[in-house]
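The sequence and the coordinates are shown first.

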Number of protein chains: 2
Amino acid sequence: MGKPLADDLGFLLSRASGQVVRATNAALAEHGLRVRSYSVLVLACEAADGLSQRELATVLGLDPSQVVLLVDELVAAGLVERQAAEADRRTRLVVPTSEGRRVRDAAGRDADTAVETPLGLLGDAERDRLRDMLTRIWTATG
Amino acid sequence: MGKPLADDLGFLLSRASGQVVRATNAALAEHGLRVRSYSVLVLACEAADGLSQRELATVLGLDPSQVVLLVDELVAAGLVERQAAEADRRTRLVVPTSEGRRVRDAAGRDADTAVETPLGLLGDAERDRLRDMLTRIWTATG
DNA sequence: GCGTATCGTGGAGATTGTCAACGATGGAGG
DNA sequence: CCTCCATCGTTGACAATCTCCACGATACGC
C-alpha cells in the first residue's frame, strides 16, 4: 500500500512548478519572452564577463542543444550577443545588449508580480527555507 | 537591477522539479510507465469509487485532453479500465485492474528509491514543511 | 421541450525533452 | 611537432508535453 499522491514530493514539486511556470510565461509574453529565454537573459545579465553556453546549460539543468536555440532566439531579438572568448575559441560568451538589460528589468518586474498570487502567501522566512531546500535538492546530484 | 536567478523561486522550483521528474522517469521506465501515467494510476488506485477524467485533470493540473491519452495508454497496458458512471453517463470512471494495483506498488517502490538521492538529504520535518508549502502554493489559485 | 453548460475526445501547432552525431578547438603525452 | 582524446557549439531527429479549439453526447435549469 503506497502513500497517496498528495504526499509525493516529486508530484507536488512538478505540479507547483507547472503552475508557476504557466503564470510566469503569461507575464513574459508581452515582452516576447518565455521562462526559458528569460532565464538565459537573466544569467547573461548577472555575469560580469558573460557566460559560455556550456555553463548556461549546467546552471539551468538543460541540454546544451536547447541553449543553442534559446540564445539564437535572444540574438534574433537583439537582447544578447555571442562574443568570442579569448582564452578558448571553442566557447562563445553570451553577453546582454543594453536593450537586453532593459527588457530584463521590465520583464523581471512583471514576472515577480505574476507569481505573487501563488508564492506571496509564503512568509519571508518560509521563502528562504524553500529556496534553501530547492537549492540543496539541486546540488544533491551535481 | 533584479535579483539573481538563483533567488528566483519559480526558477528553483522548475529546475528541481525537472531533476526529480528525470530521475523518476528513469526508474519507472522498466515498468513501462512515465511520471504522468504513473500519477494517473496512483490516483485511480487510491479512489474507492474511481475518478472521472475531469477530476484527474483538475488534481493533476493538466488539460483534460492530456488525461485522455494517459488513460488510453494505461488501458492499453491493462492497468486501468474505463467504467460507465451510473449517475452521469458523460463521465467515465477510471478504475485500476488488479494488475494495475500490483504494478502501482512495485513502481511506487522503485520511484521512491530513485528520488532518495535528491530528496533524502531533507529531514522528515523539512519534508513535511516542503509538502505543506507546495500544497499551499497549488491551492493558492484553485 | 429548449437553451446552456459540462464531459470526453480528437486535432493542430508550438514548446520541450532526449539522444546521437559532427566539425572545430584545446590539452596531454610521446 | 604530432597524435589521441576530451570539450564546445551546433544540427538533426524523434518522442513527449503544452495549449487551444471544436465537436458529439449527456446533464440540468427553466
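## Surface near DNA strand C

Helix α4(B) makes the greatest contribution to the surface near DNA strand C, supplying 4 residues; a residue counts as near a molecule or strand if its C-beta atom, placed from the backbone, lies within 6 Å of it. At least two residues each are supplied by α4 (64-76) of chain A and by α1, α3 (53-60) and α4 (64-76) of chain B. Around DNA strand C there are 23 residues, of which A:Asp63, A:Arg89, B:Ser52, B:Arg54 and B:Ser65 come nearest.

## Basis of the model

The model is predicted: local features need pLDDT of at least 70 and side-chain atom pairs count only at pLDDT 80 or more, whereas totals for chains, interfaces and linings use all residues. Residues are numbered from 1 along each chain as its sequence is written, while chains are lettered from A and ligands numbered from 1 in the order in which they are written.

## Chain A overall

Chain A contains 7 helices and 3 strands, arranged along the sequence as α-α-β-α-α-β-β-α-α-α. Helices (H or I, at least four residues) and strands (E, at least two) are DSSP runs, numbered from the N terminus. Along the principal axes, the C-alpha atoms of chain A fill a box of roughly 55 × 35 × 25 Å.

Of the 142 residues in chain A, 37% are buried. A residue is buried if 20 or more other C-beta atoms lie within 10 Å of its own, exposed if 12 or fewer, and partly exposed in between, with C-beta atoms placed from the backbone.

## Helix α7 of chain A

Helix α7(A) (residues 124-139) has 16 residues and reaches 23 Å from its first C-alpha to its last, close to the expected 22 Å; the expectation is 1.5 Å times one less than the number of residues. Its buried residues are A:Leu130, A:Met133, A:Leu134 and A:Ile137. Seen down the helix axis, these fall within an arc of 95°, so they line one face of α7(A); the arc is that of the directions from the axis to the C-beta atoms.

The buried residues of α7(A) pack against α1 (9-28), α6 (116-119) and α7 (124-139) of chain B, where contact requires C-beta atoms, placed from the backbone, within 7 Å. On the other side of α7(A), the exposed residues are A:Asp124, A:Ala125, A:Asp128, A:Asp132 and A:Thr139.

## The sheet of chain B

Chain B has an open sheet of 3 strands in the order β1-β3-β2, with antiparallel pairing; two strands pair if DSSP finds at least two bridges between them. Strands β1 (51-52) and β2 (80-84) of chain B stand at the edges, each with a single partner strand, so one side of each lacks a neighbour in the sheet. Between β1(B) and β3(B) (residues 92-96) there are 2 bridges, and B:Leu51 stands opposite B:Val94 in β3(B).

Notes. Two residues are in contact if their C-beta atoms, placed from the backbone, lie within 7 Å.
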